[in-house]
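Biologist: Before we go through the details, could you show me the model and then take me through how its features are read?

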Amino acid sequence: MQWEAVIGLEIHAQLATRSKIFSGAPTAYGAAPNTQACAVDLGLPGVLPVLNAEVVRMAAKFGLATHSTVAPRSVFARKNYFYPDLPKGYQISQFELPVVHGGYLDIDLEDGGSKRIGITRAHLEEDAGKSLHEDFHGETGIDLNRAGTPLLEIVSEPDMRSAAEAVAYMKKIHALVRYLEICDGNMQEGSFRCDANVSVRPLGQAEFGTRAEIKNINSFRFVERAINYEIERQIDRLEGGGEIVQETRLYDADKNETRPMRSKEEANDYRYFPDPDLLPLEIDAAFIEQVAASLPELPDARRDRFGAEYGLSRYDAGVLTASRELADFFEQTVQAAGGEGKLAANWVMGELAGQLNKEGRDITASPVGAQQLGGLLRRISDGTISGKIAKQVFEAMWAGEGDADTVIAAKGLEQITDSGAIEQAVREVLAANPTQVEQYQGGQEKLLGYFVGQVMKATQGKANPGEVNKILKRLLAK
Amino acid sequence: MFQKTISELAAGLRGNEYSSEELTRCFLERIERFDGQLNCLITLSAEQALSEAREADRRLRAGDAGPLTGIPYLHKDIFCTQGVRTSCGSRMLDNFIAPYDATVSEKLKAAGAVMLGKTNMDEFAMGSSNETSFYGPVKNPWDTQRVPGGSSGGSAAAVAARLAPLATGTDTGGSIRQPAALCGITGIKPTYGRVSRYGMIAFASSLDQGGAFAASAADAAALLQAMSGFDPRDSTSLERPLEDYSAELERDLAGLTIGLPKEYFGDGLDAGVAAAVAAAVEEYRRLGAEIRDISLPNAALSVPAYYVVAPAECSSNLSRMDGVRFGYRCENPRDLEDLYVRSRGEGFGAEVKRRILVGTYALSAGYYDAYYLKAQQVRRLIRDDFTRAFSEVDVILSPTAPAPAFRLGEKAGDPVSMYLSDIYTIAVNLAGLPALSIPAGFVDGLPVGLQLIGNYFAEGRLLNVAHRYQQVTDWHRRLPAGFAD
């Protein structure tokens, strides 16, 4: 039987505010345990939550950027359950009336097409603390630094049909929240993580199958693997005559498998009800307008502009706008190079991306900055060096030997454009290769490349290739 | 000295007739002398009080004194006080010392008021008799075999016996007005949001409101003034200017219309209480008020609605008492579940557990719509009743409680009968309105309370209406025998 997977994602994006969602305590990551939790975060008796206005602005930004409705009135609700790292015995979240609902995002597919993924809702909530099970000799330590950190939970429609689509969607959301500067997207630190709802059904069947929820996956790679594993598991089970149980599962990256969480952990009736400590959140049109005016250029718009403005293919423009940092880097490079979008695109996606990849670095940690790379490209376009020499210069720049001009001067790599000097070199090459000259003149014009190579070798690559070509053709024509 | 009004005490302090330290010692001595009989205090903070009094004396000498500077008061043990235990009447918080002051504590400190100690109360403010306190019941000074009412029973009994001229309270369903009535003093619960709830341990967040006890309306006005005001730390706090309650006190009552809701004078009302209230109504007529019969048709729904909303909110509010970070923890827990079950099982008393169970049930999947949602709808009906009434009258008058103080233990085994002692006070909390109780006579030597309910933000008007009555009556000046010297 042919099976079809149905996937929906719930993404938790930690909002990049300085202070917590309901208290003034700082949100910085990595501090000593329990040093960033105030009385409100600790849930001491009598304390009250006060909503951080910045989180509302951030949620509204996300809503506007995903064509969603930013609700004029939304309500904070309490989700009640006991756990030691949940100080109040309830989490303040949004339940029936979320701040954002009913939007979408278009993702690019591998076949070059695109697909619209619905965004059901996005709601604000507070994060819990952390339970630390190591180093406490059979006991559990509680760190409440993270308690009260603002989260935006983004819930998609079950619109994805493969792990690849799910990853494309997740990457798109990841890029978007970073463009919007509402989340740092750091997946190692847990600032961006997701739960995946996965089910399968016979191809062509309208009803959904029974779904399993895979909790807390914190990398794109794991999302892809976890979903693929889960799809296969469900198909195997169904084909073996079994049934799928609706349950919550955990992905174990070491074993590359999902397995059910203990049923105790999910047998919760959360007893949601509106939090009487917080008034309904009311957002007026003026606030929305103000947020709309503050929105940066969004990834899709930027991709289209790159295509039109720099003559890039949709694919290249898509790669360059996949992250705000990369797109910014590219545009700064173009500017520093004095135009030359295509050249810059080739370098950023080629040489630079290759080096970054090799060393596992992020664009923001590139040893060659946009200004420097632009400076190098300028020397290519003004004919100071050839593209080939440029790679040599780039390597030196990468190794920290200075900017392009410094490296070119220090290594004497400036291109020979003096046609007298080039002609001299050409004559020497021709004189040394009488057989090839004869063959060329006998009609084997492919040999031109051989002569160019020899001349470049003789000039250590510094001869202007165009000039070499021209002179070679002239001299060989005789 | 202990019988003086707040303005007399303030004048005496300013006129150097006595110091705040002397005044404070006077009340500390009364506490020492009488509290053994009454059990009004959970924590006495004598040394801190004397040091605050000396600081107040410095302010008085420096001419930097407000109306409450140097005046002693007792603080309900539900308000967090930095450095002084805040037990909320529960074993659960018997060891809890808050690292912060409630906004009310902070405001009273800033006003220079001198805190003598923390008063006894029903556990987590859940009760109408003060019998649910972990620290034992408070006795009514008018008859120590009887309850003082609750939950702010310690505060009410203490003011009645003049262990302090002022005391704070909180009122979720009548917890200021009912004990004020049963103890023969004045108690006011302002509009929801007028007094900050920050640092006031939550029972039912949408109903809880801090307020004031004193012998008279004029004195209560002074305390309420100092407690009130917008607080950015409480999202439900009212962001509107605070009026001057004392300035309105003398306003004439001619032209005032008073409504008598027929539903508050029906079956179950003690005949003696009814007679005392009727006499007060006549007094108001003489003062120039026009009396009208009105109806609050949904009044009978208020107790059932309240006993869904309040337990639902408390079941969630009290979840933080889990034995993990503060408060009572059972000995040698086997595992996490054992820690929760025994810490909460041993830390909470029976009434608190009953309400947590009721509230948990009401919020459970499948019951939410039938209980919590329905109760919220009823709440709207009750509010609408009042809105209609206030389009016809300025103030609503009723008995505060259906009967005078009952005997200790009389209702302890019958929660429903206990809950019905708040039948006239609960609707006010569901609607968020201000209301007060003033003494209006006696039945068999026990005080009767008269309730005045005002429209939103009408605290000033209510205190004025109460004050004019107290100018022509002396119920509020009477002291229980045995505490009068």
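Predicted model: local features only at pLDDT ≥ 70, side-chain atom pairs only at ≥ 80, totals over all residues.

Biologist: In which sense do strand S6 (residues 100–108) and strand S7 (residues 114–126) of chain A pair, parallel or antiparallel, and over how many bridges?

Modeller: In general, the strands of a sheet pair through backbone hydrogen bonds, and they do so either parallel or antiparallel. Here S6(A) and S7(A) pair in the antiparallel sense, with eight bridges between them.

Biologist: What is the order of the strands in the open sheet of chain A?

Modeller: The sheet is an open one of nine strands with mixed pairing, and its order reads S2-S6-S7-S10-S1-S11-S12-S13-S14. Its edges are strand S2 (69–70) and strand S14 (257–260) of chain A, each of which pairs on one side only.

Biologist: Which strands does helix H4 (residues 220–239) of chain A lie across?

Modeller: Helix H4 of chain A lies across strands S1 (3–14), S11 (192–202), S12 (212–217), S13 (247–252) and S14 of that chain, and it runs at about 25 degrees to S11(A).

Biologist: Is A:Leu250 buried or partly exposed?

Modeller: The idea is to count neighbours, since a residue is called buried only if 20 or more other C-beta atoms lie within 10 Å of its own, and exposed if 12 or fewer do. A:Leu250, which is found in strand S13 of chain A, has 16 other C-beta atoms within 10 Å and is therefore partly exposed. Leaving aside residues up to four places away in sequence, A:Leu250 touches A:Lys215, A:Thr258, A:Arg259 and A:Met261.

Biologist: How is chain A divided into domains?

Modeller: The domain assignment gives domain 1 (3–290), domain 2 (297–411) and domain 3 (419–477), and the C-alpha centres of domain 1 and domain 3 of chain A lie 65 Å apart.

Biologist: How many residues does each chain give to the contact between chain A and chain B?

Modeller: Chain A gives 24 residues and chain B gives 36 residues. On the side of chain A that touches chain B, helix H1 (39–42) and strand S4 (76–80) of chain A are the elements that give two or more residues, and the residues of this side divide into 15 nonpolar, four polar and five charged.

Biologist: Turning to chain B, why is strand S3 (residues 114–119) described as largely enclosed?

Modeller: Six of the six residues of S3(B) are buried, so the strand is largely enclosed by the rest of the structure. Strand S1 (residues 41–44) of chain B pairs with S3(B) in the antiparallel sense over three bridges, with B:Leu44 standing opposite B:Gly117. Strand S2 (residues 72–76) of chain B runs parallel to S3(B) and is joined to it by five bridges, and here B:Lys76 stands opposite B:Thr119. Finally, S2(B), helix H4 (residues 103–111) of chain B and S3(B) make a right-handed β-α-β unit.

Definitions and conventions:
Residues numbered from 1 in each chain as written. Chains lettered and ligands numbered in written order. Helix = DSSP H or I, 4+ residues; strand = E, 2+ residues; numbered from the N terminus. Pairing = 2+ DSSP bridges. Right-handed = clockwise from strand over helix to strand, strands pointing away. Domains from an automatic or database assignment. Contact = placed C-beta atoms within 7 Å. Nonpolar A, V, L, I, M, F, W, Y, C, P; charged D, E, K, R; others polar. Axes fitted to C-alpha atoms, helices over the stretch in contact; angles between N-to-C directions.
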